[in-house]
Structures are given as structure tokens and as C-alpha cells.
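Please keep the sequence and the model at hand while reading.

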Amino acid sequence: MQKGAATSEGTSRYAHRHPSLTYRTLGATGLLVSEAGVGAYRIDNSDEEHKKALYKALLSGINLIDTSSNYGDGCSEELIGEVLNRLEQENRLHRDEVLIVTKAGYLQGKNLRLSRQREAQGRSFAELVPFDPDLAHCIHPEFLEEQLTGSLNRLQVSTVDLFLLHNPEYYLKWARHEGIPFGEARREYLRRIKTAFRYLEDEFKRGRIGAYGISSNSFPLPASDYEHTPLEEIWHSACAISLDHHFRVIQFPLNLIERGGVTEKNQSGRSSVLCFAREKGLAVLTNRPLNAFIGNQLLRLAEVDIEEEKTADDVKRCLAHLGRLEEYLALQILSVHKMAIGKANDIQAKLSASEMLDEQWLRFTNPIQWEEAQVRYIVPTIQDGMDLLLTHKWHRRPPEIVDWANEYAEALNQAFETITAVLQARTAEKTTKIKKRLEAVEPDWTGTDTISQAALRVLRSTEGVTTVLVGMRRREYVDDVLTELNRPITVKDRGASWKHLDSLSELA
């Protein structure tokens, strides 16, 4: 386990080794941090490329990593601990040079199973918010202590530099569903946060955290919104605990489309959450710089390589071919070969990709979202159907079934590739238009190579933003970020320019 934490001396030493990059002071902590940090939401210790990418980032001038106890069910923290330990042993990086940010609040996977075990033993976590069968939330000190201990072990450190309450607004989501009046829910929400802050002050004294804060998607919402997280009131709660409190940082989404952190005047005095944080010396970490949500749709603000030109008509032809194969399965295979009762229906229901894709493929707005849907839902469903078909004891896998399965798999892959190509082209068209419009708004935002660099430029040039958290799962993503970070920029109040970005939503 690595002892110690990030220090002013250590981070200054790190910054000195990377003179081509600019470093900023992290609020009142005195620590120097890179303008972009590694967002570790989707990294996993089973992927060697993720390790190599983090290794490259840390050796190239990026000295902040943001993770959470629930990212990858703990595997994200394990990867970070492994890489930091290795770099320390190689004497290429020291613990006092890098900032580790982790978060707690979610109960999923292992945490949810632990919670259910405790419940069965009559030791349920206090103030648990049951959200759905696969998700609960909690920021009670008892749960936070358990989570912090686990994070320290996985990260292989004695101290995390910043410990954040992770989306505490889940309480408000639950309270709204339960019909709790707005004022009552808001008071209880603030009470729970203040209780958590008191506990985190104790953890600061114990030396297990360097400072604390909140990561909330609802900081930028209008003040009247039921789920709004009121920064100003939270600030006063921290001051009521101690004038020497260690509430030092906030995190929220900010990108070209989701602009509320800059444009929504939701604090008293008609200031935005970004302005209020700047006035109070709070560091601001922004997330989702390249993943913008418009309603329930995701727009990926990154370059897309178009592998092959395809159209919606090509997709229709692929799905029609799949449909014919599925019809053949039903009429010429499942009805001819005797199947155990119920199996034929199960097989047919799972091997119905043509109908499933025909209904859903147009709902996807980018190839990344489509790829995740394939991996999480579509492919597992089809694989279950194939397993039922090819392992069923009644037909002993006759040649015509094997031949059908091979042809179906080939047709399915063709459909997947065609849909991917169409989505790539549509995304590329959108991002090209957005980049051109962006450059017309502000001269300082011109001169980037990619839409992702442009999106990063807008954020890092905005006064009040300390560090932009970018997902860097691959080394080429790290290179893309570093290309932009090596360019000089002017940091200033850009509220007026952000207002002119309203028109981007039309292009998305």
C-alpha cells in the first residue's frame, strides 16, 4: 500500500517535468492539476489496453484520475491501484504527484449483494434509498465508511485525495416518486448531505481523505426543479459545520449541448453554479465532455471513422434477409424436428433479430451507443437462442440446422456492420456541422483537429473549470487529449459565447 497523498510540492514537481502543459490550482487545496483528468468510468483491470492508456496518461502530464467504488464493480479502482503501484516501483511516478478522486453512493453488483446479506442479518444500511431491483443508493456515514475502506484497499493507498458523494440526488428521485412534498424532500436531502459532511470531516482528521465534495448531475438544473442540488445551501451547511471545513470540490456534466453549469442562473444573485463555485474557491471537475444527452438520446462529440458507405436501404435489405432466414427456421426446421414442449417457442423468440432490429436500430444516435446495446442486450439474447437450438437433445445437431446457424450468424454480422456504417456516417455529418458552428461563435475555439479537441477547448478555456474529465481507455484517446493540452489558450469568462451555443442543439 502506498502511503501519503498528493502534495503541493509533489504536484509542482510533476508539473515542472511537463513544461509544455498548463496546470491549475485545485481550489483551496494548493495542489496543481492537469487541465484534463482521466475519467475512469469504463476502464477495467481485465483489459491490457486500459492499463497501457492510463500508464501513458500519467507519464505524459495528466495527474488526476477520477473513479468510483461502483465503476466496473470495483475493477476500475483495482486497475488504478495496480498501475500506480507499478509506476511507483519503477520510480517513474510518486504518490505525492498524482491526485486520486473516488466516489461512493451507489449500491450495485457486489455492494447490492452485501446490502442484501446485511438486510438478511438484520443489519441493513441506514437511510438506504431503494431505487429499482438492481440499484439502491446511500450516503449514510456507515455505508460511506465501508465504501471508503474498500476503495483504499482496491487503490492500494492510505489516502484518497478527494472523496465525493456520488449523485446524492438519487434520494430526490426516490422522494419524488414517493410523493414527498418538495420542501420536505429538500430539507431531508440537505440534512443527509450535512450528516455525510460531518463524517467526512472526521475522515479528514483520520488522514484517509485529503478533502471531500459532491458529484451531482443535478447541480446545473433550475433551482425550482425537484431534483436540483442546491450548491449555495450546501456551502452554508459546510460552513455551519466548521469555517475551516474541507468541502473543496464539485463535479457535474458540462459539454457543448448540456450547458446548464454555465448558463443556468440557479444561485442567489442570479449566478450559475460555475460562477458560485469560482467565488467560493471551490474546484470544479466537469464530466461527460464528449457524451452529450439530448432528452434520452446520446450524442457522441468525437470523430468517427467511416469504414464503409452504407444507407438505410442497405439496412432494410439486411433485415429482410434475416427475416427470411427466421421464417425458414420456423417453418422448415422447428416444425419438422421434434422439440421438447416449449423449446421451439423459446428459440424462435430469441432468434428474431430482424424484428428486434427493425424496431430499434433507428433509435440509436451513434455507433458507440449501438455497440454497447449489442454487447449488453442483443448479442446475449441471440446467443441464448443459438445455444438452445444447437444443444437441444432431440435433433442431435443435424447438418441442415448447423448450416442454417452458420448462414444466420453471417447475415447477422452483415446487418450489424451495415447499421454501424450508417450510424457512423450520420454521426460524422452531425459533428462536422457542430464543429463549424462552434468555430463561428468564438475565434479562440478554432484551430483544433477533431471535434473532441474542440469540445475540450471550449471547457478548458472557460474560467472556473479546473479540470475536464475525459474517458481515456485507449492510447489514441490519450494522444488526442494531449494534442489539445499542448496548445496555448486564453482562459476567461466566456458566458456570452456559451449563450451563443444554443443553436448547436438544433444540429444534434
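## Strand pairing

In this predicted model, strand 5 (residues 99–104) pairs with strand 9 in the parallel sense, and the pairing runs over 4 bridges. Within this pairing, Thr102 is the residue that stands opposite Phe163 of strand 9.

Strand 9 also pairs with strand 10 (residues 212–215), again in the parallel sense and over 4 bridges. Here the bridge partner of His166 is Ser215, which lies in strand 10.

## Burial of strand 9

Strand 9 covers residues 162–166, and because 5 of its 5 residues are buried, the strand is largely enclosed by the rest of the structure. In a regular strand, the side chains alternate between the two faces of the sheet.

## Packing of helix 6 and helix 7

Helix 6 (residues 170–178) packs with helix 7 (residues 182–206) at an angle of about 155 degrees, and their axes lie 10 Å apart. Since angles over 145 degrees count as roughly antiparallel, the two helices are therefore roughly antiparallel to each other. The crossing in which helix 6 passes helix 7 is right-handed.

On the side of helix 6, the contact is made by Tyr171, Leu172 and Ala175, which meet Ala185, Glu188, Tyr189 and Arg192 of helix 7.

Definitions and conventions. Residues are numbered from 1 along each chain as its sequence is written. This is a predicted model: local features need pLDDT of at least 70, side-chain atom pairs count only at pLDDT 80 or more; totals for chains, interfaces and linings use all residues. Side-chain values use heavy atoms; hydrogens and water are left out. Axes are lines fitted to C-alpha atoms, for helices over the stretch in contact, and angles run from 0 to 180 degrees between N-to-C directions. Angles under 35 degrees count as roughly parallel, over 145 as roughly antiparallel, 65 to 115 as roughly perpendicular and the rest as oblique. A crossing is left-handed if the near helix is turned anticlockwise from the far one by less than a right angle, and right-handed if clockwise. Contact means heavy atoms within 4.5 Å. Buried means under 20% relative accessible area, exposed over 50%, partly exposed in between (1.4 Å probe, protein chains only). Two strands pair if DSSP finds at least two bridges between them.
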